[in-house]
Amino acid sequence: MEAAMSVTPGAVTLILANPSPDSAAEVPGIVVQVVDLKPIGNRFTFMASDGKSKVKAMLPTHFVPEVRSGNLQNLGLIRVLDYTCNTIPNQSDKALIITKCEVVSQALESEIKNEVNKEEKKPAILLNPKEEHVVSSKPTNAPPPAPFVLKPKQELKSASQIVNEQRGNAAPAARLAITRRVHPLISLNPYQGNWVIKVRVTSKGNLRTYKNARGEGCVFNVELTDEDGTQIQATMFNDAAKKFYPMFDLGKVYYISKGSLRIANKQFKTVQNDYEMTLNDNAVVEEAEGEAFIPQIQYTFAKIDQLGPYVNGRELVDIIGVVQSVSSTLSVRRKIDNSTIPKRDIVVADDSNKTVTVTLWNDLATTVGQELLDIVDTAPIIAIKSLKVSDFQGMFVLSYTTPSCMSLRSELASVYLNLSY
């Protein structure tokens, strides 16, 4: 088998020996075989094999289209360009979280086994001290060795001194990146220790008050997206909410650390992530000034005529279609505090020849809703992300808190499936 179509000998050992490289430059393009490829949620897991050893692994979210298109299949080869390893709870094993890779081969005919470098088969030659002396001895008539030349002593700086100097010269927003490696969102889990993420605020909710059996307080949340397009929802309560609400600006990039993760409450989650983040007073949030990366938004579009199976389910869906009509702005009175909020209805159709009525609330109704009204005659195409489908008075209801549609941003919106078609 040609080297280009085979695995890197000892790849698993190399990965586990360096479980968290400081940068992608430290990863020597390790090639592994994809074994037992299968979907879990919106990602794909597999066993990364080097022919001798295997390790549990997960592909990055943005790599899913490569699998669904058939460009990567079971028994295929990938080149790992960046990764991190996470400890599996209650086990001694580690999981390989791949953050960057490329396809080497779609699929081989069979699984590679016992792949050993020919040079490794050669027995090692051990020299005892006497033999080493014989091998390294010089002829008796050899010229004497050149005299040593002593150079002036140079001042050596320790690693901590170098890092401290870098921190002192760096802007505040860059200090977190210098201190520790920036982790991709896909690599985070509730059992992980210290981490730093670099994310863009792609949605910001309002600061809301609440009252329950434990008292009164306030809360707000944001949706964060990293360079790979992975998203996570972060929530802040009370003092943390008051502290960070004025700090987070929609569209800006931040370094964040010292947050905590837990399993996402699927009843309330608004993004495709198994975890949700909580930031308390001790969390560190620093704006990454000058950063301008554009996160890749991942869509999984569902046809309007196929929304039925999602009713009362936990899976979020995305839709795309042509805006057919836009209503004027109306006002709705809230029972909880007797306040009024604006709403606007738009009708969207897709190539399944079905329609839905999308209700836009709050600022979304008066901003993006007005923009759509101004251009409705041009039949604009709209994409809406993260919809939750439920049943309301005999109609399917798709509700979402942070839709993505042009500059679409809102605290609440709902989509009613027209059952009359």
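Colleague: Which side chain meets that of Glu 216 in a salt bridge?

Modeller: This is a predicted model, in which local features need pLDDT of at least 70, side-chain atom pairs count only at pLDDT 80 or more, and totals for chains, interfaces and linings use all residues. Residues are numbered from 1 along each chain as its sequence is written, and side-chain values use heavy atoms, with hydrogens and water left out. A salt bridge is a side-chain nitrogen of Lys or Arg within 4 Å of a carboxyl oxygen of Asp or Glu. At 4.0 Å, N to O, the partner of Glu 216 is Lys 211.

Colleague: Is Glu 216 buried or exposed?

Modeller: Buried means under 20% relative accessible area, exposed means over 50%, and partly exposed lies in between (1.4 Å probe, protein chains only). Glu 216 has a relative accessible area of 62%, so Glu 216 counts as exposed.

Colleague: How many salt bridges does the chain have by this rule?

Modeller: One network of salt bridges links Asp 249, Lys 252 and Glu 287. Arg 79 and Glu 102 also meet in a salt bridge, at 2.7 Å, N to O. The count comes to seven.

Colleague: How many residues apart are Arg 79 and Glu 102?

Modeller: The side chains of Arg 79 and Glu 102 meet in a salt bridge. Helices (H or I, at least four residues) and strands (E, at least two) are DSSP runs, numbered from the N terminus. Arg 79 is in strand 4 and Glu 102 in strand 5, so the pair links distant parts of the chain, with a separation in residues of 23.

Colleague: Which parts does the salt bridge of Asp 351 and Lys 303 tie together, and how far apart are they in sequence?

Modeller: The side chains of Asp 351 and Lys 303 meet at 2.6 Å, N to O. Asp 351 lies in the loop between strand 16 (340-349) and strand 17 (355-361), and Lys 303 in the loop between strand 13 (284-287) and strand 14 (317-326), so the parts tied together are apart in sequence by 48 residues.

Colleague: Which residues have the most contacts inside the largest nonpolar core?

Modeller: A nonpolar core is a set of buried Ala, Val, Leu, Ile, Met, Phe, Trp, Tyr and Cys residues joined through side-chain atoms within 4.5 Å. The largest such core has 25 residues, and those with the most contacts inside it are Phe 46, Leu 59, Ile 78 and Leu 96.

Colleague: Which elements give two or more residues to this core?

Modeller: Two helices are among them, helix 1 (11-17) and helix 2 (64-68). The strands are strand 1 (30-40), strand 2 (43-49), strand 3 (54-58), strand 4 (77-87) and strand 5 (94-105).

Colleague: Which residues does Leu 59 touch, not counting those up to four places away in sequence?

Modeller: Contact means heavy atoms within 4.5 Å. Under this rule Leu 59 touches Leu 37, Phe 44, Phe 46, Val 67, Leu 72, Ile 78, Ile 98, Cys 101 and Ile 186.

Colleague: How many residues are in the second, separate core?

Modeller: This core includes Leu 185, Val 201, Ala 234 and Ala 283. Its number of residues is 24.

Colleague: How far is Asp 50 from the nearest side chain of opposite charge?

Modeller: Asp 50 is in the loop between strand 2 and strand 3, and is buried yet has no salt bridge. Its side chain reaches the backbone nitrogen of Lys 52 at 2.9 Å, and a polar atom of that side chain lies 3.1 Å from the backbone nitrogen of Ala 11. Lys and Arg count as positive and Asp and Glu as negative, while His and the chain ends are not counted. The nearest side chain of opposite charge, Lys 52, is away by 7.1 Å.

Colleague: What value is phi of Lys 258 near?

Modeller: Most residues other than glycine have a negative phi. Lys 258 lies in the loop between strand 10 (253-257) and strand 11 (260-263), and counts as exposed at 54% relative accessibility. Its phi is positive, in a residue other than glycine, and is near 65 degrees.

Colleague: How many disulfides are counted?

Modeller: A disulfide is a pair of cysteine sulfur atoms within 2.5 Å. Cys 85 is buried at 10% relative accessible area, and Cys 101 is buried at 11%. By the disulfide rule the count is zero.

How values were computed:
A polar contact is a pair of N or O atoms within 3.5 Å; within protein, one must be able to donate a hydrogen and the other to accept it, and residues adjacent in sequence count only if both atoms are side-chain atoms.
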